Amino acid sequence: MSTAGATDPLAALGALPGVADSVESVRKAVDRVYGHRIMRRRSNEITSEAALRGARGSAALSGADWALEEVRRRTDFSADAEARTVGAALRLTAEAGQLLSIWRQSPLRVLARLHLVAAADQAEQVGRPRQDGEPVDEPLVGLPLPGAAETHGRLEGLAQLIVAGGSAPALVTAAVVHGELLALRPFTSHNGLVARTAERIVLVGSGLDPKSVCPAEVGHAELGRAAYLKALDGYVSGTPEGMAAWIAHCGRAVELGARESTAVCEALQRGAA
């Protein structure tokens, strides 16, 4: 993402045509969940269920599309590549809540920690941005891969924007963090899982979804991998239309995550879950 010539480039993205509508639609969807009577009494259960469903959705986008009940019942996630992907997604979702206070002061430290949690078996390459010549295992994202120097520079720029703060809506910041990490693929593996976890951290830490009950990962998975990658192409293009389309896509994912938790609330209210 280019930030040249803009005092607050994230706020500038919030002014793109259609983005304000996405922001408002997301706010209404989130408010509906938080206004549900079950949330006042059983919010911890909703948060736990949202974490599980979010992890399942993120793993699905990384090639491990398991049924929710399979994720729920499984205890061993070391058997094969898909199982390891699901296990990584679950660990990241659990870890995200522990990193909220660090994110605004040291986002790069948080990203390193997320990669460490996701890819603990890759000792030499874990928890740091990739170096020149190191391959990236992210087969589902086929975009051209920026070089290590460009990647490091853009990560620093992203971190500076986050630390500086600004007036941009949480949805815009979350979408940019997500899109930039997918575009850069700064680690040798698990970049998609890390990017979606970082999006969750922004949404929760901003106060938009403080109880983490609107899992965007559910929505991204429901919208499908093809739509996800098409929207990502818009982000990478850097055009106003492409950026707005990516933000709108992320907004729709949050809305679908909110709808999922609303359905969980309804089921609990009926005594069916």
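E95 counts as buried, because its relative accessibility is 16% (buried means under 20% relative accessible area, exposed over 50%, partly exposed in between, with a 1.4 Å probe and protein chains only). The model is predicted: local features need pLDDT of at least 70, side-chain atom pairs count only at pLDDT 80 or more, and totals for chains, interfaces and linings use all residues. Residues are numbered from 1 along each chain as its sequence is written, and side-chain values use heavy atoms, with hydrogens and water left out.

E95 is found in helix α5, residues 81-96 (helices are DSSP runs of H or I with at least four residues, strands are runs of E with at least two, and both are numbered from the N terminus). Not counting residues up to four places away in sequence, E95 touches R113 and V117 (contact means heavy atoms within 4.5 Å). The side chains of E95 and R113 make a polar contact at 2.9 Å. Such a contact is a pair of N or O atoms within 3.5 Å; within protein, one must be able to donate a hydrogen and the other to accept it, and residues adjacent in sequence count only if both atoms are side-chain atoms. C-alpha to C-alpha, E95 and R113 are 8.9 Å apart in space, and 18 residues separate them in sequence.

E134 sits in the loop between α7 (107-118) and α8 (148-164). Its side chain makes a polar contact with the side chain of R128, at 2.7 Å. Leaving aside neighbours within four places in sequence, E134 is in contact with Q125, R128 and T188.

On a 1 Å grid over the protein atoms alone, a pocket is an open set of points with protein on both sides within 12 Å along at least five of seven lines, whereas a cavity is a set where a 1.4 Å probe fits but cannot get out; lining residues have an atom within 4 Å of a point. Grid points are joined across faces, edges and corners, and a volume is the space filled by probe spheres set on the points. The lining of the largest pocket has 28 residues, and A81, R84, T85, D137 and H190 are the closest to its centre. α5, α10 (191-205) and α12 (225-237) each supply at least two lining residues. The largest share, 5 residues, comes from α5.

Consider H190 next. It lies in the loop between α9 (170-184) and α10. H190 is buried, because its relative accessible area is 19%. Its phi is positive, near 60°, in a residue other than glycine. Most residues other than glycine have a negative phi.

S212 also has a positive phi, near 55°. S212 lies in the loop between α10 and α11 and counts as buried, because its relative accessibility is 13%.

S212 also belongs to a cavity lining. The structure holds 1 cavity of 30 Å³ or more. The largest cavity has a volume of about 40 Å³. R200, L203, V204, D209, S212, C214, P215, A216 and E217 line this cavity. α10 and α11 (216-223) each supply at least two of the lining residues. α10 gives the most, with 3 residues.

What of the cysteines? The structure holds 0 disulfides (a disulfide is a pair of cysteine sulfur atoms within 2.5 Å). C250 is in no disulfide, and the nearest cysteine sulfur, that of C214, is 15 Å away. C265 is in no disulfide either; there the nearest cysteine sulfur, again that of C214, is 9.5 Å away. C250 is buried, because its relative accessible area is 0%. C265 counts as buried because its relative accessibility is 0%.

V26 is buried, because its relative accessible area is 1%. Leaving aside neighbours within four places in sequence, V26 is in contact with L171, L208, G251, V254 and E255.

Helix α3, residues 37-61, bends by about 90° at S43 (the bend is the angle between axes fitted to the seven residues ending there and the seven starting there). Just after α3, G63 takes a positive phi of about 100°.
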